[in-house]
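Dear colleague,

Please find below the structure that I am handing over to you, followed by a short account of what was found in it.

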Amino acid sequence: MKDLINKLYITNSLSFDELLYIIENISKQEDKDYLFEKARNTRYKHYENRVFLRGLIEISNYCKNDCYYCGIRCSNKNITRYRLTEKEILKCCDIGYEIGYRTFVLQGGEDSFLNDDIMCNIISSIKSKYPDCAITLSIGEKNYNSYERYFLSGADRFLLRHETSTDCHYKKLHPENLSLKNRKDCLKNLKEIGYQVGAGFMVGSPFQTNEDVVRDLMYLKELNPHMVGIGPFIPHHDTKFKDFPHGDLDKSIIILALTRLLLPKCLLPATTALASISENGRNLGLLAGCNVIMPNLSPHEFRKDYSLYDNKLSAGEEACEYHKSLEVSIKQLGLLVDYSRGDNIEWRRI
Ligand code: 5AD
């Protein structure tokens with residue numbers, strides 16, 4: 001096991017069978033600790049001990065898609081839908097800027113009301129008020145032209161998890177109108193336009209096999225995104241996956257560490273989902289090579305409605321109000337809180 005971890009540490013790549021071997025056979029705590037140590041060393045080489053903080057603004061929970069795992073899917077009639085106005089979004093940025101955030105992540109369902117004109121207005125308003133801030137979008141699949149317009153309005157980054165890179169698995173998680181091919185095309189377009197791009201997937205989503213996970217890791221290696229979002233699947237009571245168990249904490253952390261070693265320079269958040277399945281989830285992620293935290297900056301009254309899964313944290317250190325306490329936790333791990341834009345070291349706006 002240690003030989004394989006060393007090989008991964010030195011070459012930043014492994015074969016399908018080697019990755020599968022690690023995932024299926026790493027069981028001794030000593031081996032896991034060795035993997036995490038290598039992941040931390042790798043993070044240190046490129047980003048030292050920095051943990052970048054981003055302010056997450058959940059702009060709308062309207063969604064035209066019906067992804068089987070997601071609480072805000074369109075067929076869920078039991079949630080209260082909301083959409084923030086430009087003014088409300090700017091207010092969130094004001095609060096965030098005051099705390100120190102220099103990245104704002106605008107995330108939402110695929111909300112047809114938020115057309116390109118509206119989105120471009122929101123993006124350029126934030127950019128003209130806060131030119132020193134980065135804007136990350138996470139609003140789903142759009143065509144090349146839309147992505148380009150957002151970029152030209154000032155968006156810098158785009159998060160679009162691929163969810164699974166195995167075609168038949170993709171079909172088990174999504175209705176027929178969505179396809180893995182289109183997801184991958186979107187990611188390719190985003191890269192071509194010049195965004196810092198984030199892909200990723202859930203650990204332990206229904207029907208996922210270890211082979212699927214290895215294909216996900218190999219796809220990430222090939223795509224070479226600037227950011228990677230990986231967190232455990234967590235069931236939502238109003239979805240058809242309500243009775244599936246949540247993804248395993250240990251496995252999630254191992255996969256995060258493997259991702260750090262495969263993509264040494266990536267920005268890798270310890271996700272809210274990870275923090276939501278265990279009190280110690282975020283810290284364990286940070287000790288396994290993660291280097292980003294995205295505290296919630298959404299207006300209080302709407303946070304409960306952005307329910308992608310049950311018991312999603314939006315309070316405590318996952319909320320911007322507790323930034324002091326989050327800073328203490330990060331420092332206690334021997335890491336450095338960094339409020340700067342925190343771009344991927346290989347990216348320049350062209
Ligand atoms: N459990 C964990 N993560 C989820 N997401 C959506 N639903 C769930 C769930 N039930 C993730 C998806 C999506 C991101 C915004 O949230 O991976 O890309």
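**Ligand site and helix contact**

In this predicted model, a backbone N or O atom of Tyr 69 is placed 2.9 Å from a nitrogen atom of the ligand. Ile 234 likewise brings a backbone N or O atom to 2.7 Å from a ligand nitrogen atom. From Glu 163, an N or O atom of the side chain lies 2.5 Å from an oxygen atom of the ligand. On its own, the ligand has 410 Å² of accessible area, of which the protein covers 87%.

Tyr 69, Glu 163 and Ile 234 belong to the set of residues that surround the ligand, which also includes Cys 70, Gln 107, Arg 161, Met 202, Pro 232, Phe 233, Leu 308 and Tyr 309. By class, this shell comprises eight nonpolar residues, one polar residue and two charged residues.

I turn now to a pair of helices. The axes of α1 (residues 2–11) and α3 (residues 29–47) approach within 10 Å and cross at roughly 10°. Because angles under 35 degrees count as roughly parallel, α1 is described as roughly parallel to α3. On the α1 side, the contact is made by Lys 2, Ile 5, Asn 6 and Tyr 9. The residues contributed by α3 include Glu 30, Asp 31, Tyr 34, Leu 35 and Lys 38. In this contact, four residues are nonpolar, three are polar and five are charged.

With kind regards

Methods: Residues are numbered from 1 along each chain as its sequence is written. This is a predicted model: local features need pLDDT of at least 70, side-chain atom pairs count only at pLDDT 80 or more; totals for chains, interfaces and linings use all residues. Side-chain values use heavy atoms; hydrogens and water are left out. A residue is near a molecule or strand if one of its heavy atoms lies within 4 Å of it. A polar contact is a pair of N or O atoms within 3.5 Å; within protein, one must be able to donate a hydrogen and the other to accept it, and residues adjacent in sequence count only if both atoms are side-chain atoms. Accessible areas come from the Shrake-Rupley method with a 1.4 Å probe; for residues, only the protein chains shown count as cover. Ala, Val, Leu, Ile, Met, Phe, Trp, Tyr, Cys and Pro count as nonpolar, Asp, Glu, Lys and Arg as charged, and the others, Gly among them, as polar. Axes are lines fitted to C-alpha atoms, for helices over the stretch in contact, and angles run from 0 to 180 degrees between N-to-C directions. Helices (H or I, at least four residues) and strands (E, at least two) are DSSP runs, numbered from the N terminus. Angles under 35 degrees count as roughly parallel, over 145 as roughly antiparallel, 65 to 115 as roughly perpendicular and the rest as oblique. Contact means heavy atoms within 4.5 Å.
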